[in-house]
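Open your viewer and get ready to click along. We will go stop by stop, with something to select at each one.

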Amino acid sequence: MITLVNIELYKIFKKWRTYIGFIAIGILVPIIHIAMVFEGKDTINFMTRNIQQSFVFVGNLLNTYLISYIVLTSLTVHIPFLITLVAGDLLAGEATAGTYRLMLTRPVTREKFVTAKFIAGVVYTNLLILWLALMSLVVGYFIFGVGELLIIRGDMVIIFEQKDVLWRFLLAYGFASLGMTVVASLAYLFSSLVENAIGPIVSTMAVIIVFVIISAINVDLLQSIRPYLFTNYISSWQLFFDDPIDMQEILKSAGVLVLHIVLFFGATLIIFKRKDILT
Amino acid sequence: MEASNNELVIEIKNLSKNFKELKAVDNLNIKVFKGDVFGFLGPNGAGKSTTIRMLLTLIKPSSGSIKIFGKNLFKERLSILRNVGAIVEKPDFYGYLSAYKNLEILSRISGHDITKKRIMEVLELVGLAGRYKSKVKTFSHGMKQRLGLAQALLHDPDLIILDEPTTGLDPMGMKEIRDLIIHLSRNLKKTVFLSSHILYEVEQVANRMIIINKGTARVEGEVKELLNASHLTVTFEVTNVEKAKSVLSNTSWAKVMKDTANSKLEFTIDSNDVASLNRYLVENGIDVCSIIPTRSLEEYFLKITEEAS
């Protein structure tokens, strides 16, 4: 199995499309940093406009933590697209290239083949989130330094001490990886059904966008569906920035995400095991 | 080719595969013995590739059984595939990797300890050693076909399944592949299952063969026997057809003379009788411009190929 995973990782990182995600993040995050150098103060003024009469803010509020928090909120729609580029291609790409015939006529079980590819996809997903974390936190550190983290949630203003922030970010990135693994699992499932990588990429993004829209519309009927949509739990990384942290809610969200990963991967296994290789 | 022995390498029994309404393979029975070069002949769409995909577990049969090396293919898949090398249809590889890297990846999952030296050996064998660093996407179809052969031979398997291995090769390349198949069989004692839609190709290398069409077996047996047993249809082109007919009218040749067209006469005769007939015509003042033999097996195969296309 280790050999297969290594082979799959080698194949993933030999394809240029793998680097699109890393390049996109490598460009996007510094652009946000540069924009914040010029517009950051205005952004903070805008964020705190309703409470400026009651509070006086001192210290370095425009810091790497605030920017990393803003970047993380883009997770629901933008990062999934970068993940599906690779995860959607994992199986469908082999079908398109006709290379199933090479791999599956070797003494390798289909279960191992599918599992190795899935593990490689999860590794890619986690590396992408790690890259996002490095670009946000480390690059931001050199530009803005660290400081207190100001978060405004509804009518509430939460300010975390500088020493109380980093561990929250590490856990939030960990949780974000779990959420993005669900996205990768869904793209992987779609990838097992078709013979072209475009289909899984578009289908996964369509599911995410539809789910996000359903969640956003404030109608009772749609809100009752909300707990059953996995996208609802992807943004649960924000719970690490509550005080106190609601661990029960975090564990519930993590459980729902893990369940989705198991379901999507299980379905992929069953489908692929029965699949006739015709390409 | 040498005669085969009695040790069964492939045993296909009542094999069928349906794709919804389409019967791609219908109740097929095949026996391939150790050391055979078994020709699997049929026109495009006859069910050859579907059968080969079932032999390699890429497709599940709708019914029937397959035994390879005496083992049930679907129960002992891994141990069987360790000893099978194959090309299935057109040779596709990871185009963004080099020829060497493609083979290295396959060697790592072959179930054998394959050295770098061995990889270079098979590349040398198929004439690609000089391009081992080149990315496969820069290869021509013929080069990919050769690389396909290299990956099939990489782990030195006892059974080699080749699905139209000469497609896309130039005449020299085709001959080299045929020579290689003969070498594999005669010198290395490999069993070769060779699918083709070209009778001539099978005739050159195979000792036994089967012709399938529309998923069912039509003709099966020893290649020599099948070809020798089949009478020839010989077309004689003569200068004066009417005179030739008159000359032949009171002879036994008239009974085997088929329809005539233009300046041609057709006979269904044994190959040994061609010379006698030619001599008889010439001795009776008929000038013979050409003699074109067509074997009935060839004719039959041509007919089903035409039907299929």
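This is a predicted model: local features need pLDDT of at least 70, side-chain atom pairs count only at pLDDT 80 or more; totals for chains, interfaces and linings use all residues.

Residues are numbered from 1 along each chain as its sequence is written, while chains are lettered from A and ligands numbered from 1 in the order in which they are written.

**Stop 1: strands of chain B**

Colour residues 8-19 of chain B, which are strand β1, and residues 22-33, which are strand β2. Helices (H or I, at least four residues) and strands (E, at least two) are DSSP runs, numbered from the N terminus. β1(B) and β2(B) pair in the antiparallel sense over eight bridges; two strands pair if DSSP finds at least two bridges between them. Together they form a hairpin with two residues between them, and Lys20(B) in the turn has a positive phi of about 55°.

**Stop 2: a covered helix**

Is helix α1 (residues 48-55) of chain B mostly covered or mostly open? It is mostly covered, with eight of its eight residues buried. A residue is buried if 20 or more other C-beta atoms, placed from the backbone, lie within 10 Å of its own, exposed if 12 or fewer, and partly exposed in between. Lys48(B), Arg53(B) and Leu55(B) are among these buried residues. Just after α1(B), click Thr57(B), which takes a positive phi of about 65°.

Zoom out to chain B as a whole: it has eleven helices and 14 strands, and 40% of its 309 residues count as buried. Its C-alpha atoms fill a box of roughly 75 × 45 × 35 Å, taken along the principal axes.

**Stop 3: the nonpolar core**

A nonpolar core is a set of buried Ala, Val, Leu, Ile, Met, Phe, Trp, Tyr and Cys residues joined through C-beta atoms within 7 Å. The largest one has 143 residues, and those touching the most other members are Ile83(A), Ala150(B), Ile161(B), Phe193(B) and Leu194(B). Its largest share, 15 residues, comes from helix α8 (residues 166-193) of chain A. Select Ile161(B): leaving out residues up to four places away in sequence, it touches Ile52(B), Leu55(B), Leu56(B), Val84(B), Ala86(B) and Phe193(B).

**Stop 4: two helices in chain A**

Show helix α3 (residues 64-72) and helix α7 (residues 110-144) of chain A, which pack at an angle of about 145° with their axes 8 Å apart. Axes are lines fitted to C-alpha atoms, for helices over the stretch in contact, and angles run from 0 to 180 degrees between N-to-C directions. Ile67(A) and Val71(A) are among the α3(A) residues that meet α7(A), where the partners include Leu137(A) and Phe144(A).

**Stop 5: where the chains touch**

How many residues does each chain bring to the contact? Chain A brings 19 residues and chain B brings 23 residues, with two residues in contact if their C-beta atoms, placed from the backbone, lie within 7 Å. On the chain A side, α1(A) gives the most, with four residues.
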